[in-house]
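Hello,

Here is the structure I promised to pass on to you. Please open it first, and then read my notes alongside it.

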Amino acid sequence: MQRLKTIGTILITLVVAAALTAAAMIQWSRASLEHVYEVEGVELALPTDPEAIEDGHRMYRAYGCAECHEEDGGGGELPTEGLSYVAAPNITTLAAWPVASFERAIRHGISPDGRAYVMMPANEYWGLDDESTARIIAFVRTLPPVGRSSPPPEVFALGHIMHALDALTLLPAERIDHRRRRRPMGERGSLEFGQFLAHTCAGCHGGGLSGGNAPGSDPEVVGVPPNLTPDRTGLATWSEEDFRAAMRDGRTPDGRTLDTAFMPWEGAYQYLTDDELRSLWLYLQSVPALPEGSR
């Protein structure tokens with residue numbers, strides 16, 4: 001009987017400790033959402049010529065902006081698997097924003113009030129050069145107003161806990177050294193530029209780009225990202241032309257068509273230029289070969 005009491009006491013203690021730990025994690029995560037960043041935006045010179053603005057439109061699609069904000073800029077819901085409710089804001093209402101506020105939102109993920117945007121992948125855009133950023137902003141300013149509105153984000157308890165455990169990139173701004181000097185991206189067609197583009201791939205395929213099911217994710221919702229490294233379980237047998245066909249037409253060497261619900265080749269990557277695809281291919285061929293699922 002004494003032994004049962006002891007076991008019961010231990011179990012109660014563990015449950016209480018777990019509850020207190022979870023409460024502390026939630027409190028920390030909520031506080032991080034209210035943190036104010038001291039980051040100055042850059043007043044970029046925006047182009048006015050139609051060719052540059054159209055290139056901004058191309059990059060808006062190719063670099064994933066339209067995936068969240070939609071082609072018309074009106075915003076849409078993001079798949080967050082029950083961890084939070086996040087809707088990308090309607091950016092057609094922001095035409096009057098100072099250019100520096102746009103730049104800070106894109107490359108730093110920081111709102112005009114200094115708080116970090118939830119799920120805004122600025123860590124992927126931080127390295128974007130001034131000219132490309134300016135072209136995207138110039139295009140966004142040409143979008144006609146759209147009447148949709150986005151409710152404020154809501155993070156649920158499990159989302160807060162996963163954020164505290166660093167298992168969920170809830171605030172990408174936290175992953176940026178906002179004071180660090182931005183290094184040159186390299187020319188389109190270079191491996192260095194491919195490294196910039198690959199930041200977008202890492203969100204689904206993992207930091208090592210080896211794919212596999214992400215911890216805590218539902219394959220029914222996000223799919224199972226394939227291995228992009230030059231391993232035998234990845235792209236070891238692919239040619240550059242195979243890669244180009246997958247990114248442009250969604251066709252794999254074995255005759256499959258990539259599902260656009262999981263791999264946005266149709267809405268985004270088909271708009272990458274030949275040089276950009278070349279850059280990405282060169283970079284993917286340079287990374288360590290990892291078995292699928294190593295993340």
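The buried residues of α6 (130-140) have α2 and α4 among the elements that cover them. Helices here are DSSP runs of H or I with at least four residues, strands are runs of E with at least two, and both are numbered from the N terminus. "Buried" stands for under 20% relative accessible area, "exposed" for over 50%, and "partly exposed" for what falls in between (1.4 Å probe, protein chains only). By that rule α6 is mostly covered, with eight of its 11 residues buried: S132, T133, A134, I136, I137, A138, F139 and V140.

Before you go further, please note that this is a predicted model, in which local features need pLDDT of at least 70, side-chain atom pairs count only at pLDDT 80 or more, and totals for chains, interfaces and linings use all residues. Residues are numbered from 1 along each chain as its sequence is written, and side-chain values use heavy atoms, with hydrogens and water left out.

Now to the cores. A nonpolar core is a set of buried Ala, Val, Leu, Ile, Met, Phe, Trp, Tyr and Cys residues joined through side-chain atoms within 4.5 Å. The largest one has 49 residues, and the members that touch the most others are Y63, V140, L209, M247, L272 and L280. At least two residues of this core come from each of α2 (50-62), α3 (65-69), α4 (99-108), α6, α8, α10 (240-249) and α11 (274-286). α6 gives the largest share, six residues. There is also a second, separate core of 16 residues, which includes L78, A88, V118 and L168.

Leaving aside neighbours within four places in sequence, Y63 is in contact (heavy atoms within 4.5 Å) with R58, Y125, L128, I136, R188, F193, F196, L197, L272 and E276.

Which residue is buried yet has no salt bridge? That is E124, in helix α5 (residues 122-125). A salt bridge needs a side-chain nitrogen of Lys or Arg within 4 Å of a carboxyl oxygen of Asp or Glu. For charge, Lys and Arg count as positive and Asp and Glu as negative, while His and the chain ends are not counted. The nearest side chain of opposite charge to E124 is R175, 9.4 Å away. Beyond its neighbours within four places in sequence, E124 is in contact with F196, H199, T200 and G203.

Two loops are worth a look as well. Most residues other than glycine have a negative phi. M119, in the loop between α4 and α5, has a positive phi near 65 degrees, and M119 counts as partly exposed because its relative accessible area is 23%. L209 is not a glycine either, and its phi is positive at about 65 degrees. L209 is found in the loop between α8 and α9, and its relative accessibility is 4%, so L209 counts as buried.

G208 lies in that loop too, between α8 (191-205) and α9 (219-222). Apart from neighbours within four places in sequence, G208 is in contact with T229, L290 and R295. The C-alpha atoms of G208 and T229 are separated by 8.0 Å, though the two are 21 residues apart along the chain.

Enjoy exploring!
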